[in-house]
Amino acid sequence: MATMSDLSGGPAAIIVAAGQGLRAGQPVPKQFALVAGVPVLRRAADALRQGGVGRIVVAIPAGAEAIAAGCCAGLDDISFVTGGATRQLSVRKALEALEALAEAEPAQVLIHDAARPHCPPAVIARLLDALQRHFGAIPVLPVADSLAHADGALMGAPARREDLRRVQTPQAFSFAAILAAHRAWSGTPDAGDDAQVARAAGLAVALVEGDDTLHKLTFAGDFPAPASSVATRWPRTGTGFDVHRLVAGEELWLCGVRIDHPLGLSGHSDADVGLHAVVDAILGAIGAGDIGQHFPPTDPQWRGASSDQFVDHAVGLARAAGYAVGNVDLTLICEAPKIGPHRPAMQQRLAELLQVGVEAVNVKATTTERLGFAGRGEGIAAQAVAMLVPVGETGA
């Protein structure tokens with residue numbers, strides 16, 4: 001087999017999250033389900049970040065773009081690609097996407113299962129150290145139980161547990177070598193892992209010490225039981241409130257609709273006060289903090305950003321928690337502009353963003369009888385109430 005000389009440069013990573021995860025018994029595919037209030041995929045990505053990984057490409061199921069983006073909102077250098085029919089095809093597509101996205105081809109890549117949300121940095125350090133001498137490295141654990149081959153329903157020949165290891169991820173490789181190995185793969189289409197693809201290409205794969213915390217979430221029993229069964233049986237309600245100043249020289253966006261007006265709302269993003277209130281209401285309903293925690297105004301990547309993506313994020317997190325939007329009631333508080341002429345367009349756009357029928361969205365407006373900042377025309381306030389229902393009860 002080939003050996004590997006010294007590698008340089010920081011590692012990139014691929015997270016395989018393209019399966020349906022049905023055996024886990026969660027309301028959404030297991031990679032998007034919550035563990036202690038955080039999506040499994042987000043935990044896996046954060047763990048890789050803590051281990052020094054830079055760019056990440058995630059292979060996801062078709063149609064899962066919104067929920068995946070919601071799980072990973074706020075993470076830099078993370079991209080998504082629709083997975084293939086098998087794990088091997090998903091990894092190959094992600095590797096090729098990483099090759100196309102990177103300014104310079106990464107020297108090393110970690111390939112990780114999203115269903116292993118906890119990854120100690122020490123494991124990543126051991127893998128990267130092994131890559132100084134080998135084309136590939138994988139974390140393994142010894143087998144504690146006695147093993148035997150099965151002869152139908154009867155015990156067959158014994159197997160030597162001393163010769164066997166339990167294989168985990170992330171698995172680490174020379175990027176160029178593993179990409180070439182996947183492109184050359186001619187074995188069965190359901191390669192168990194990337195180490196098998198690497199060995200089929202004649203690459204040496206080193207074994208390093210794994211960790212019990214890399215346990216893979218597979219069945220319903222692998223997920224902690226919710227603290228209260230009420231949270232899984234009953235609708236949940238959240239409220240949101242936001243204010244933005246009206247100034248000259250800014251566009252005016254309300255509920256995802258651009259309105260012709262002499263003044264616009266000032267803020268780090270597009271300052272859509274209606275959407276911001278709705279986002280806070282959804283986040284509040286699932287106990288996920290507020291919009292500022294997810295999209296800090298100090299972060300330059302959100303400067304001038306469309307608030308549509310903030311709504312996508314909140315709806316994705318709600319889905320990950322097993323909820324869909326039941327209905328939203330929004331009140332805009334201002335002297336001008338007049339909301340009535342724009343109300344149908346606002347309700348239609350909100351319905352699209354929330355993935356509900358327009359009848360589930362209500363937009364209304366009021367004034368403060370010319371009292372306070374809103375009465376003086378200095379700004380616009382918005383107040384929202386969102387009702388979330390367990391997935392499946394909206395008919396969507």
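Visitor: Where does Pro 297 lie?
Guide: Pro 297 lies in the loop between helix 9 (291-294) and helix 10. Helices (H or I, at least four residues) and strands (E, at least two) are DSSP runs, numbered from the N terminus. This is a predicted model, in which local features need pLDDT of at least 70 and side-chain atom pairs count only at pLDDT 80 or more, while totals for chains, interfaces and linings use all residues. Residues are numbered from 1 along each chain as its sequence is written, and side-chain values use heavy atoms, with hydrogens and water left out.

Visitor: Why is Pro 297 called exposed?
Guide: Its relative accessibility is 54%. Exposed means over 50% relative accessible area, buried means under 20%, and partly exposed lies in between (1.4 Å probe, protein chains only). Pro 297 is therefore counted as exposed.

Visitor: Which residues does Pro 297 touch, not counting residues up to four places away in sequence?
Guide: Pro 297 touches His 268 and Gly 292 on that count. Contact means heavy atoms within 4.5 Å.

Visitor: What makes the pair of Trp 302 and Phe 310 edge-to-face?
Guide: Three aromatic pairs are found in the whole structure. The ring centres of Trp 302 and Phe 310 are 5.9 Å apart and the planes stand at 80°, so this pair is edge-to-face. Rings of Phe, Tyr and Trp (its six-membered ring) pair if their centres lie within 6.5 Å; planes under 30 degrees apart count as stacked, over 60 as edge-to-face and the rest as tilted. Phe 295, Trp 302 and Phe 310 form one aromatic cluster.

Visitor: How do you know that Trp 302 is buried?
Guide: Trp 302 has a relative accessible area of 7%, and therefore counts as buried. Phe 310, with 3%, is buried as well.

Visitor: What makes Arg 349 and Asp 308 a salt bridge?
Guide: Their closest N and O atoms are 2.6 Å apart. A salt bridge is a side-chain nitrogen of Lys or Arg within 4 Å of a carboxyl oxygen of Asp or Glu, so the pair of Arg 349 and Asp 308 qualifies. The pair links distant parts of the chain, with Arg 349 in helix 11 and Asp 308 in helix 10, 41 residues apart. Asp 308 is buried at 17%, whereas Arg 349 is partly exposed at 23%.

Visitor: Why does the pair of Glu 99 and Arg 183 tie together parts that are 84 residues apart in sequence?
Guide: The side chains of Glu 99 and Arg 183 meet in a salt bridge (2.9 Å, N to O). Glu 99 lies in helix 3 and Arg 183 in helix 5, so the pair joins parts that are 84 residues apart in sequence. Side chains of opposite charge can pair when their charged atoms come close.

Visitor: Which residues have the most contacts inside the largest nonpolar core?
Guide: They are Leu 254, Ile 282, Leu 330, Leu 332, Met 346, Leu 350 and Leu 354, in a core of 50 residues. Helix 8 gives the largest share of this core, nine residues. A nonpolar core is a set of buried Ala, Val, Leu, Ile, Met, Phe, Trp, Tyr and Cys residues joined through side-chain atoms within 4.5 Å. Leaving aside neighbours within four places in sequence, Leu 354 is in contact with residues including Val 278, Ile 282 and Val 311.
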